[in-house]
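Morning, everyone. Let me put the model up, then we'll go through some helix packing and the ligand site.

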Amino acid sequence: MSKSSLTVTDNRTGKTYEIPIEHGAIRANALKQIKTGPEDFGLVSYDPAFMNTAACKSQITYIDGDAGILRHRGYPIEELAEHSTYLEVAYLLVKGELPDNERFAMWKHNITVHTMVHENLKKFMDGFRYDAHPMGMLISTIGALSTFYPEANQIFDVENRRLQTRRLIGKVPTLAAFAYRRGLGYPYNYPDNDLSYTGNFLQMMYRMTERKYKPNPVLEKALDVLFILHADHEQNCSTNAMRSVASSQVDPYSAVASATAALYGPLHGGANEAVLRMLEEIGNKDNIPAYIKRVKDGEVRLMGFGHRVYKNYDPRAKIIKKLAHEVFEVTGNSKLIDIALELERIALQDDYFVSRKLYPNVDFYSGIIYQAMNIPTKMFPVMFAIPRTAGWCAHWAELVKDDDQKIARPRQLYLGADKRAYVPIDRRPKATVAETAVSEEL
Ligand code: ACO
């Protein structure tokens with residue numbers, strides 16, 4: 001018997017099975033052989049929300065949640081945040097290695113030449129109501145890109161994949177800035193390719209009548225670091241959406257639109273927006289204990305706290321906390337930072353949070369920085385989607401090249417009604433009010 005295996009006895013039948021273990025995992029399909037009889041489909045594993053299921057092998061990002069470690073292609077996030085740039089990290093994620101000077105110059109050129117969008121995209125933007133959420137606009141217009149590049153569905157062609165990846169990384173900031181300007185009724189700013197990736201984004205957001213926009217170098221750099229910190233995070237909800245949708249072999253624009261939609265939710269990319277609203281609701285440090293009590297009573301969650309994977313301080317939150325102070329030196333202090341610092345201090349001394357290993361996550365401080373940079377709350381998930389596009393593209397390429405992958409299709413445990421005969425509507429018994437309420441529940 002191999003030492004790298006699991007021996008399982010099915011107590012229903014008394015039969016014993018040997019299941020190989022590879023990379024610390026068993027193949028869920030190996031459970032299928034465990035049956036009570038020929039009619040039995042075989043054992044399945046029940047894992048809502050994928051709490052303990054690896055859906056792929058990946059070489060992109062490593063996380064040790066207990067130790068608070070995050071590495072991209074082996075490089076610690078702390079080193080990348082300190083020494084690298086977002087575009088270089090995007091290269092690393094997508095290509096697997098850090099570039100040399102020549103390769104980086106080529107990559108920068110290749111992204112920059114794709115920052116413009118088709119003029120018709122502006123008409124899509126114009127079609128939204130004045131108060132449309134920019135994330136809704138972003139999701140729709142990224143999806144719309146697929147109609148401009150129909151060849152993008154040739155996903156097994158490596159050159160084609162490269163081209164769509166560059167387009168996505170190049171164009172998403174443009175669409176994001178257009179969505180912002182649409183909300184204000186301002187004319188859209190075309191990209192300025194003399195500027196850095198983040199400098200150009202700030203230019204597309206904020207340039208008014210000046211002929212040449214000069215981004216503040218501290219804010220430009222801070223945004224670049226924030227982009228690095230949000231570039232990838234292995235199999236999170238939106239990346240899982242990206243992989244799941246892309247497994248149908250749809251074009252990457254449609255898949256990135258669905259990943260962006262997943263990111264929109266308050267438990268994922270919407271969390272920093274929720275943090276800011278929470279801090280505003282708390283309003284002042286004296287109100288923190290009462291708010292913590294509401295959290296402990298299960299009335300509300302402490303937004304920006306807790307993480308599915310990190311059961312220790314999120315390493316990105318540490319970097320962001322430091323960054324916040326650098327930004328405030330330029331923008332002036334925010335009263336919300338004082339509330340956030342005090343909230344963190346109190347929570348980290350409270351057994352409720354300590355025992356559940358709830359620490360600040362990346363979103364706890366990012367919203368405060370974005371607010372100080374004059375970025376409206378509604379734009380926060382958009383600010384997350386821009387850098388995460390590189391991560392999504394890296395996972396998309398990995399998925400397409402992985403022979404183990406097929407169209408994603410989980411199993412279910414069917415617990416509904418057994419077979420029953422159809423009754424015509426006029427012969428059905430009249431439902432009671434209570435039954436109707438239950439049957440119409442969504
Ligand atoms: N505030 C209060 N209690 C919390 C919080 C929180 N933020 N997060 C988890 N808990 C509690 C839960 O009530 C639960 O307690 P119980 O065991 O008494 O029932 C326990 O901690 C475990 O929580 P789960 O919901 O099982 O943890 P899960 O891993 O499913 O959730 C999540 C992770 C969604 C991030 C959660 O911590 C949360 O809702 N946090 C607030 C939202 C947030 O900040 N999201 C951003 C995540 S980072 C990102 O997406 C970039």
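Start with helix H5, residues 134-148, which packs on H17 at an angle of about 35°, the axes 8 Å apart. Helices here are DSSP runs of H or I, at least four residues, numbered from the N terminus. Axes are lines fitted to C-alpha atoms over the stretch in contact, and angles run from 0 to 180 degrees between N-to-C directions.

Quick provenance. This is a predicted model: local features need pLDDT of at least 70, side-chain atom pairs count only at pLDDT 80 or more, and totals for chains, interfaces and linings use all residues. Residues are numbered from 1 along each chain as its sequence is written, and side-chain values use heavy atoms, with hydrogens and water left out.

Which residues of H5 and H17 meet? Pro-134, Met-135 and Leu-138 in H5 meet Pro-381, Val-382 and Ala-385 in H17, where contact means heavy atoms within 4.5 Å.

Next, H10, residues 252-263. H10 packs on H17, residues 380-401, at about 135°, with axes 10 Å apart. The two are therefore oblique, a class left over once angles under 35 degrees (roughly parallel), over 145 (roughly antiparallel) and 65 to 115 (roughly perpendicular) are taken out. From H10, Pro-252, Val-256, Ala-259, Thr-260 and Leu-263 meet Pro-381, Phe-384, Ala-385, Trp-392 and Trp-396 of H17.

Now the ligand. Polar contacts are pairs of N or O atoms within 3.5 Å. A polar backbone atom of Leu-302 sits 2.7 Å from a ligand nitrogen. Asn-361 puts a polar side-chain atom 2.9 Å from a ligand oxygen. For Leu-267, a backbone N or O atom is 3.3 Å from a ligand nitrogen.

Notes:
A polar contact is a pair of N or O atoms within 3.5 Å; within protein, one must be able to donate a hydrogen and the other to accept it, and residues adjacent in sequence count only if both atoms are side-chain atoms.
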